[in-house]
Amino acid sequence: MPLQQLRDADGPMETQLSGCGEWIEYDKLQLESAPINKYIKGTILMKYPPYELGTGEKVMKIVLEESTTQPSTSNQASINTFIFGKLVEDCESILKQGDTVVLTNFQASKSPSASKDGRHAFQLELSDEAGTTVFVCCKTGPESAAIIRKTKVVMQDYTYVPLNMIKDGVTVNVYGVVKFFKQPYRSKGTDYCMTVTIVDPTGAKLHCVIFNGNADHLPKIYRTGDVVRFHRVKIQEFNSELQAISAPGFSVLTFDGALGVPATPRASSKSYHFTATDLQMVEDLRRWANANTSTFKTTVTLADVKAAEYFDLTCQLVAKAVVDRSAVMLKVWDGTKCPHTLKDVPVDRSALEGDASEITRLGPLTVDVLTYDNHTATAKSLKPGTYLRICNLHAKLVVGSSETRSGCPGAAPKMEFHLHGGTTYGRGIMPLPTDCEDVRQLKRSLESALSSDQDSMEDLTLLDVLNSSSGPSASEEISADCVERCQQESKTVLTAHQHISPKSLGEVLHQTAPRKHRIRAKLVNYEPRALHQSVKLYCPHCRSLQEVPDDDDLDTWLLDAGRAGAGSGSEPHDAGWYETTVWEQEDQRRRQITVRFVKTKRLRRTPERSTILVEGVSLNELYQFSETFGNIIPTATRPDDLVLNDLSIPFLIQDGSWHYGCRRCSDPRPVSVLQSLTQDDRWESSAIAKVLGIQQLSYIFVMKFTLDDGSGSLDAFLWDEAEKFFGISAADVMISEVLQGKLTRIMNTLCPPKTSPEDYPWLECCLKSYYVGEGLDQKTCYQVFDSTVAGLDAI
């Protein structure tokens, strides 16, 4: 019940209010809607007659004086209180001057008359919509008590005025669609201010100015096209136009303007009145707004941005850095790639706040946004990972760059992104909640970019190597009947994505990246033709690619390392964890070979399970050792310790496999650290690499296929899924002549030598497209994935 009586016969007031929470004094009031578990009390000092707003809704004003035993001369001792709607009818005949009342679920807002009437800086607003309850503490007779007990909650039906029917001087309720808004900003006083322009199907518009001491109680608008419901806005004329300002009792609900999403209100108060009629009103406005999209400003993706454009960007924050006292840089992405050459903001990597691996991984898809002046405080407060809308962002193309001024006339212009100071045109940064529809769409875009474009982000180093390779890439012309082609058996099959409709290469070439395609074409050329050169060494950490050293180079490096060790002045000797054997090699160079046998806990040590450290050996001798011993570690002697050779030489030969380390990512340690492995006798290659501080390189296939289907031709790379494609491990191919022969037979099957291209077999496979390079140097590349050679067992 919104109105209840507290009687002396029912016990002390505090006992009867035990379920209402904590009593709050007037000077402890804060700007908040419907404080939870709190109540306020006072004596009715004055009571004014009710009056009607322009909507027909009744309002009654009373002035409460704080109930206290201590005299007070403070302005905080009395407070203006406004009662709205159905609650007015309940209170008008019951409340009398001198009554003591207790209020729950009230709303506190700034009092516009505080400087004139000398009362509290806030005013209280009570309504059935907010769920207010008024307890009357007076000695009333049975008749009055009966009237109070019969009072029921009757929710009021609100009247809403079309925007073309509003008039000056009235207080109204309105619905509308947001055409323009400025995010909350501090006004010249102590309040926050927000300006909103709304429109409705009548064609009229209304400019609204909303004030509140708490920015969280202002309308929660995320984009133009959102639907808003304003209760109790006062219409007044300003600069020959009608505008609305928030009046006492003001409340707002905001709804996402997208069709098909739940009409979940974003409310300025914890309690609100929302009926089936309201839901119908929201849906009608949504349909109207979405049918008139030209009326409302839309967000732009980075892929669509144009030079000199001001646009709204929905994005996720990857990292941030303070540039100077007036600027903060935000590194953001939206799942699409900006087609322009970008100018990076020069900041120290150490100054970047964000996950370093994410910054590197998402680098090609991120842009740097410089924020200035009043936006820097918001920018500094953001945490990486936050979803944002940056409004009125300026895409600026810089032509007069430092490269041009320094004598490089061919330097391409670069694009910068600036969020200038001020709030003109709605300029600002707005964090978005994870449950809003725009963020849901953004998440889908980000997830799609990660799944579709991950390889292009990881393969930039790889593509540098591939694109520098020489050899013909032009495809031979193929002509054949289309129907006949499709009926021929394919030599390759898909391992996934069978649901994707096949496309011709001509169609693929005219579509933007990143995308996944299913195609049917002929392999008219491949590189490298010398198949042993298709096996490369790849670092999964820095994603660099390098050639497998040839025998001549390895032999030279090994002998050079042996000579360096011989000149160290350190004599070979036994140690607690190995035994040393030395002999002279009688050849032209008269070398000394040193072999150190690592001790183990095994009672019987067999050669194939032994670990030896070798020094001063030739390549041929290394091959001979690898046929006998399980683990061979080439080493070099230094005055202070035994160390690994340069990582151009394998750090380990295990069961015939030659293991290399990345020179960029490894931090080699002295060989003596291997003692730790002798305790539990664990000599796996990964354990050896870890203890030696080596980042292991992997063997991978890297090939370039030229595909043609008569409608077009393109080059596609095969690398990270090549082992699945061939059904062969690249590492095994390096040590098995049988598998080397099988790889040759596979390629002769797919691209038969001494055969007319018209007779080449058809291949069905999946391609993914992605971008490499930037600006004028940007190009589309393709990669084979989720495909394998058919009938591998028979080849």
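Visitor: Which residue in β27 stands opposite Tyr-538?

Guide: Tyr-538 stands opposite Leu-545 in β27. This is a predicted model, in which local features need pLDDT of at least 70 and side-chain atom pairs count only at pLDDT 80 or more, while totals for chains, interfaces and linings use all residues. Residues are numbered from 1 along each chain as its sequence is written, and side-chain values use heavy atoms, with hydrogens and water left out. Strands (E, at least two residues) and helices (H or I, at least four) are DSSP runs, numbered from the N terminus. Two strands pair if DSSP finds at least two bridges between them. Here strand β26 (residues 535–538) is joined to β27 by 3 bridges, and the two run antiparallel.

Visitor: What is the order of the strands in the open sheet?

Guide: In a regular strand the side chains alternate between the two faces of the sheet. The open sheet has 3 strands in the order β27-β26-β35, with antiparallel pairing. β27 (545–547) and β35 (698–701) are at the edges with a single partner strand each, so one side of each has no neighbour in the sheet.

Visitor: How many bridges join β36 to β37?

Guide: Strands β36 (residues 703–708) and β37 (residues 713–718) run antiparallel and are joined by 6 bridges. Asp-708 has Ser-713 in β37 as its bridge partner. The two strands form a hairpin with 4 residues between them, and Gly-710 in the turn has a positive phi of about 95 degrees. β37 is also joined to strand β39 (residues 779–785), by 2 bridges, and these two run parallel. In that pairing, Phe-717 stands opposite Gln-783 in β39.

Visitor: How many aromatic pairs does the structure hold?

Guide: A pair of aromatic rings is described by the distance of the centres and the angle of the planes. Rings of Phe, Tyr and Trp (its six-membered ring) pair if their centres lie within 6.5 Å; planes under 30 degrees apart count as stacked, over 60 as edge-to-face and the rest as tilted. The structure holds 12 aromatic pairs. One of them, Phe-701 with Phe-726, is edge-to-face, at 5.4 Å centre to centre and 70 degrees between the planes. Phe-701 lies in strand β35 and Phe-726 in helix α16 (residues 722–726), so the pair ties together parts 25 residues apart in sequence.

Visitor: Is Phe-701 buried or exposed?

Guide: Phe-701 counts as buried, at 0% relative accessibility (buried means under 20% relative accessible area, exposed over 50%, partly exposed in between, with a 1.4 Å probe and protein chains only). Phe-726 is buried, with a relative accessible area of 0%.
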